[in-house]
Amino acid sequence: MQPESSAALRHRTVESPAGRLHLVEQGAGPLVLLVHGFPESWYSWRRQLPALAAAGYRAVAIDVRGYGRSSRPAATDAYRMLELVEDNVALVRALGEENAAVVGHDWGATIAATSALLHPEVFRAVALLSVPYAPPGGPRPSEVFGRIGGPEQEFYVSYFQEPGRAEAEIEPDVRGWLAGFYAALSADTMPSPGEPDPHFVAHGGRLRDRFPAHRRPAWLTEDDLDVYAGEFERTGLTGALNRYRNVDRDWEDLAPHRGAPIRQPSLFVGGALDASTTWMSDAVDVFPTTLPGLTASHLVEDCGHWIQQERPEEVNRLLVDWLDALPS
């Protein structure tokens, strides 16, 4: 089932370094590129596309390589950050535009931030949802993630590192796994304080063992779940999970940009109950240094990780207000 005003949505594919990128666009005006995270697709922006179009923007949501109708290269290292950034550059050019504002959620926020960092001539502004900007550098990521879990459990990023391991858990029941994962990180269905944290896996267990049972977040309809599950049942999860399998390659590739700020106009919006935001509160604290062009930073109360789906009206208002204030 498509969202309201779907008749105005235009699906197409364009050539990119990945092979092809699938996009959905609506509206006319300055280009706004929307980049999703894990495990989502262009569809996670279904409530933003019509709102941005109505506000006078050409809103374009992509399937990141490895997802949906975009190409899925076989090599694991084809999902390194540098490749995803070049996809975004190629997309802007394929659309006949000189530049774009880029908006990202979850991994998409990191892709958007790195796109703005490496190509300021293309990405004139950047908005980050859920995941704050942290400049390249620091210790090797796999070592950091390996220490987070401790002796009795494993951090989910480490769990996703080994090819085939998470796929073996997810792919036999994609729909059920996605429903549990979305519920685990949504404000109205996430585990209560004191319950086992769904970001961790007990040794010998599965990530889904800590998902809420028989809870469905208010933002997720049966039709929405059908869309997400249908895509991942068709494509499998490897392309999506390969993003996690490149964190050390990204660390090496981006070493020349260690500590570099993003100077373009920027926006951050996070959920007050989202671990991706709260665990990285130190990164938010240093935004005056790392995002000197920051226009505003918003913490949305009673909101979890799926911010543009949990609170679409509020996110739409913040995005439109920010876009309208950008230099023309």
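The legends below describe close-up views of a predicted model.

**View 1. Strand E4 and its two neighbours, E2 and E3.**
Strand E2 (residues 19–26) pairs with E4 in the antiparallel sense over 4 bridges. Within that strand pair, Glu25 has Val60 of E4 as its bridge partner. Strand E3 (residues 31–35) also pairs with E4, here in the parallel sense and over 4 bridges. Leu34 has Ala61 of E4 as its bridge partner.

**View 2. The crossing of helices H2 and H3.**
Helix H2 spans residues 81–94 and helix H3 spans residues 107–118; their axes come within 9 Å and cross at roughly 75°. Angles of 65 to 115 degrees count as roughly perpendicular, and H2 and H3 are therefore roughly perpendicular to each other. From H2, the contact is made by Met81, Leu82, Leu84, Val85 and Asn88. From H3, Trp107, Thr110, Ile111, Thr114, Ser115 and Leu118 take part. The residues of this contact comprise 7 nonpolar and 4 polar ones, with no charged residue.

**View 3. Helix H3 and its surroundings.**
The 12 residues of H3 should span 16 Å at 1.5 Å a residue, and the distance of 17 Å between its end C-alpha atoms agrees with this. H3 is mostly covered, with 10 of its 12 residues buried. Among them are Trp107, Gly108, Ala109, Ile111 and Ala112. Ala113, Thr114, Ser115, Ala116 and Leu117 are buried as well. The buried residues of H3 pack against E3, H2, strand E5 (100–105), strand E6 (123–129) and helix H10 (247–253).

**View 4. Glu154 in strand E7.**
Strand E7 consists of residues 153–155 and includes Glu154. The relative accessible area of Glu154 is 17%. Buried means under 20%, so Glu154 is buried. Leaving aside residues up to four places away in sequence, Glu154 touches Gly149, Tyr159, Arg165, His199, Phe200, Val201 and His203. Glu154 and Ala202 are 48 residues apart along the chain, yet their C-alpha atoms are separated by 6.3 Å.

**View 5. Strand E9 between its pairing partners E6 and E10.**
E6 and E9 run parallel and are joined by 4 bridges. Ala127 has Leu267 of E9 as its bridge partner. Strand E10 (residues 294–300) also runs parallel to E9, and 6 bridges join the two. Ser266 stands opposite Leu294 in E10.

**View 6. Helix H15 and its buried residues.**
Helix H15 has 13 residues, numbered 312–324. From its first C-alpha to its last, H15 reaches 18 Å, close to the 18 Å expected at 1.5 Å a residue. The buried residues of H15 are Pro312, Val315, Asn316, Leu318, Leu319, Val320, Trp322 and Leu323.

Note on methods. Residues are numbered from 1 along each chain as its sequence is written. This is a predicted model: local features need pLDDT of at least 70, side-chain atom pairs count only at pLDDT 80 or more; totals for chains, interfaces and linings use all residues. Side-chain values use heavy atoms; hydrogens and water are left out. The expected span of a helix is 1.5 Å times one less than its number of residues. Buried means under 20% relative accessible area, exposed over 50%, partly exposed in between (1.4 Å probe, protein chains only). Axes are lines fitted to C-alpha atoms, for helices over the stretch in contact, and angles run from 0 to 180 degrees between N-to-C directions. Angles under 35 degrees count as roughly parallel, over 145 as roughly antiparallel, 65 to 115 as roughly perpendicular and the rest as oblique. Contact means heavy atoms within 4.5 Å. Ala, Val, Leu, Ile, Met, Phe, Trp, Tyr, Cys and Pro count as nonpolar, Asp, Glu, Lys and Arg as charged, and the others, Gly among them, as polar. Two strands pair if DSSP finds at least two bridges between them.
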